[in-house]
Amino acid sequence: MLGTGIDLVYPPENLALYRRIEEQGAILSEFPLGRRADKQSFAMRNRIVAGSCVAIIVVESDVSGGAMITARFAGEQGRLIFAVPGRIDQATSAGCHQLIRDGATLLTSVEDVLSELDYLDGLRPAPIPEKPGAGGATTGLGDLNVGERSILGAFAGGGILGADQIVAQTGLAISEVSAGLIMLELKRRIVRRADGTYEATA
């Protein structure tokens, strides 16, 4: 979902990512061609982002941050809101603490999300079946997209890796690696260690 017209890439250095999403997913925008990004357009975009999600997670935000606008839209649309608590003396945690006071679910682990979405105790959606004849490295990976498979492959041999190491091994952008790590953790393919590194579950 873009905060610009669909013919513009913002910021320009995201062109390669834009092309990958265009090939493997969908590029969406409610703005006319040529509309440039501004503060208002991103807030408008976030309204649609919130409405297209089952839940949103606010990791860091001050009380007037853009994530708070998205959280407000999500609340108005009946979506689940999770907030990660932080230090009480940091402005970047003030928004999360306000959300928690207002009724957002306090998020301390992936299990908090899975529990709220009824994905625990065998209730998670079944993985997409493999195509007949599929095998080799993709066996059992039908529920993963291309980026997630690449990230999971970096753990071959039992490695314990940080996000920067995965970026170096896969060549993926840090934003794609971060998103992929979250999805792999939700799908129980990896676990995050106390020091912030990750390892495969099996």
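T201 counts as partly exposed, at 42% relative accessibility; here buried means under 20% relative accessible area, exposed over 50%, and partly exposed in between, with a 1.4 Å probe and protein chains only. T201 lies in the segment after strand β6 (198–200). This is a predicted model, in which local features need pLDDT of at least 70 and side-chain atom pairs count only at pLDDT 80 or more, while totals for chains, interfaces and linings use all residues. Residues are numbered from 1 along each chain as its sequence is written, and side-chain values use heavy atoms, with hydrogens and water left out.

**The end of the chain**

- Leaving aside neighbours within four places in sequence, T201 is in contact with R188, R189, I190 and V191; contact means heavy atoms within 4.5 Å.
- T201 and I190 are 11 residues apart in sequence, and their C-alpha atoms are 5.0 Å apart in space.
- R188, one of the residues that T201 contacts, lies in the loop between α8 and β5 (190–192).
- R188 is partly exposed, with a relative accessible area of 30%.
- Most residues other than glycine have a negative phi. R188 has a positive phi of about 60° although it is not a glycine.

**The chain as a whole**

- The protein chain has eight helices and six strands. Helices (H or I, at least four residues) and strands (E, at least two) are DSSP runs, numbered from the N terminus.
- Along the sequence, these elements follow the pattern α-α-β-α-β-α-β-α-α-β-α-α-β-β.
- The chain has 202 residues, and 27% of them count as buried.
- The protein chain exposes about 12,200 Å², and carbon and sulfur atoms supply 56% of that area. Accessible areas come from the Shrake-Rupley method with a 1.4 Å probe; for residues, only the protein chains shown count as cover.
- Of the contacts between residues at least 6 apart in sequence, 55% join residues at least 24 apart.

**Where α2 meets α3**

- How do the axes of helix α2 (residues 39–51) and helix α3 (residues 66–76) cross, and within what distance do they come? They come within 8 Å and cross at roughly 45°. Axes are lines fitted to C-alpha atoms, for helices over the stretch in contact, and angles run from 0 to 180 degrees between N-to-C directions.
- That angle makes α2 oblique to α3: under 35 degrees counts as roughly parallel, over 145 as roughly antiparallel, 65 to 115 as roughly perpendicular and the rest as oblique.
- α2 passes α3 in a right-handed crossing. A crossing is right-handed if the near helix is turned clockwise from the far one by less than a right angle, and left-handed if anticlockwise.
- On the α2 side the contact is made by A43, N46, R47 and A50, and on the α3 side by G66, I69, T70, F73 and A74.
- By class, these residues divide into five nonpolar, three polar and one charged. Ala, Val, Leu, Ile, Met, Phe, Trp, Tyr, Cys and Pro count as nonpolar, Asp, Glu, Lys and Arg as charged, and the others, Gly among them, as polar.

**A closer look at α3**

- The buried residues of α3 are M68, T70, A71, F73 and A74, and they pack against α2, β1 (55–58), β2 (80–83) and α4 (91–101).
- T70 in α3 has a relative accessible area of 12%.
- Not counting residues up to four places away in sequence, T70 touches N46, A50 and I56.
- The C-alpha atoms of T70 and V49 are separated by 7.9 Å, with the two residues 21 apart along the chain.
- G78, whose phi is positive, near 75°, follows α3.

- S61 is found in the loop between β1 and α3, and at 6% relative accessibility S61 counts as buried.
- Beyond residues up to four places away in sequence, S61 touches A67, M68, A91, T92, S93, A94, G95 and C96.

**Where α7 meets α8**

- The axes of helix α7 (residues 163–170) and helix α8 (residues 174–186) come within 10 Å and cross at roughly 115°, and the crossing is right-handed.
- A163, D164, I166, V167 and T170 in α7 meet I174, V177 and L181 in α8.
- This contact has six nonpolar, one polar and one charged residues.

**A cis peptide bond**

- Most peptide bonds are trans. Y10 and P11, however, are joined by a cis peptide bond, with omega about -10°.
- P11 sits in the segment before α1 (15–24).
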